Amino acid sequence: YENDLRKEIELTTPLISNELPISKLTEEYKLNEEYLKSIENISKKYKTYRKVRRDGNCFYRNFIYFLFENNFIKNDKILFEKIKQKIIDSKTLTEKNGYEWSVVQDFYDIFLKEFCECFNSLSSGIIPRDYLDKIFSDNDKGNYLIYFIRFCIAAYLKENRENYKSYIEEDFDEWIRKEVE
């Protein structure tokens, strides 16, 4: 039953939707006063939103989409170079925290390539949102981006375990393996 339900969700729900008007949220949460107040506040700043498939990767997918989208909206070469350098530095971060580079490298290569391509699409006449939609509608490519971010987050958490382990009730390394990796 779970597999059938998962397949149905995959067939009927995009990984990331097209932009939707905020008013759809108002309709969806019309019976929840608290949410309606939040939606009203959000609508002062944003007119649209996107739904992300709730599949266990939604946080990561949303973060990556925002990172890419925000980068091309700002069209800021300095910001682009800073983020690109963080991506490049992730090699050291992941290796230092126990990940074999041969395991991470393919994910890294695709992430860096797509991040750069998205930014470079600004000067090549491609509409960056179209490019993003293409990336994020490709489940395989999208998953490579997600795996890369998961490795980076896991490595960061391991490196900064003292700041985070008190928030986790189980063994910290086991939690990272189970919930992040």
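**Exercise 1.** Which are the buried residues of α10?

*Solution.* The model is predicted, so local features need pLDDT of at least 70 and side-chain atom pairs count only at pLDDT 80 or more, while totals for chains, interfaces and linings use all residues. Residues are numbered from 1 along each chain as its sequence is written, and side-chain values use heavy atoms, with hydrogens and water left out.

Step 1. Helices (H or I, at least four residues) and strands (E, at least two) are DSSP runs, numbered from the N terminus. Buried means under 20% relative accessible area, exposed over 50% and partly exposed in between, with a 1.4 Å probe and protein chains only.

Step 2. In α10, Phe172, Ile176 and Val180 are buried. Seen down the axis of α10, these residues fall within an arc of 50 degrees, so they line one face of the helix; the arc is that of the directions from the helix axis to the C-beta atoms.

Step 3. The partners of these buried residues are α4, α8 and α9 (161–164).

**Exercise 2.** Describe the largest nonpolar core and the surroundings of Phe68.

*Solution.* Step 1. A nonpolar core is a set of buried Ala, Val, Leu, Ile, Met, Phe, Trp, Tyr and Cys residues joined through side-chain atoms within 4.5 Å. The largest has 40 residues, and Ile64, Phe68, Ile87, Phe111, Phe136 and Phe148 touch the most other members.

Step 1. Two or more residues each come from α4 (58–74), α5 (77–96), α6 (101–120), α7 (128–137), α8 (139–159) and α10 (172–180). The largest share, 10 residues, belongs to α6.

Step 2. Beyond its neighbours within four places in sequence, Phe68 is in contact (heavy atoms within 4.5 Å) with Phe111, Glu114, Phe115, Cys118, Leu132 and Ile135.

Step 3. A second, separate core has five residues, including Ile22, Leu25, Ile39 and Tyr49.

**Exercise 3.** Which residues lie nearest the centre of the largest pocket?

*Solution.* Step 1. On a 1 Å grid over the protein atoms alone, a pocket is an open set of points where a 1.4 Å probe fits, with protein on both sides within 12 Å along at least five of seven lines; lining residues have an atom within 4 Å of a point.

Step 1. Of the 26 lining residues, Tyr49, Arg50, Lys51, Val52 and Asn62 lie nearest the centre.

Step 2. The largest share of this lining, five residues, comes from α4. At least two residues each are supplied by α2 (23–28), α3 (33–45), β2 (48–49) and α4.
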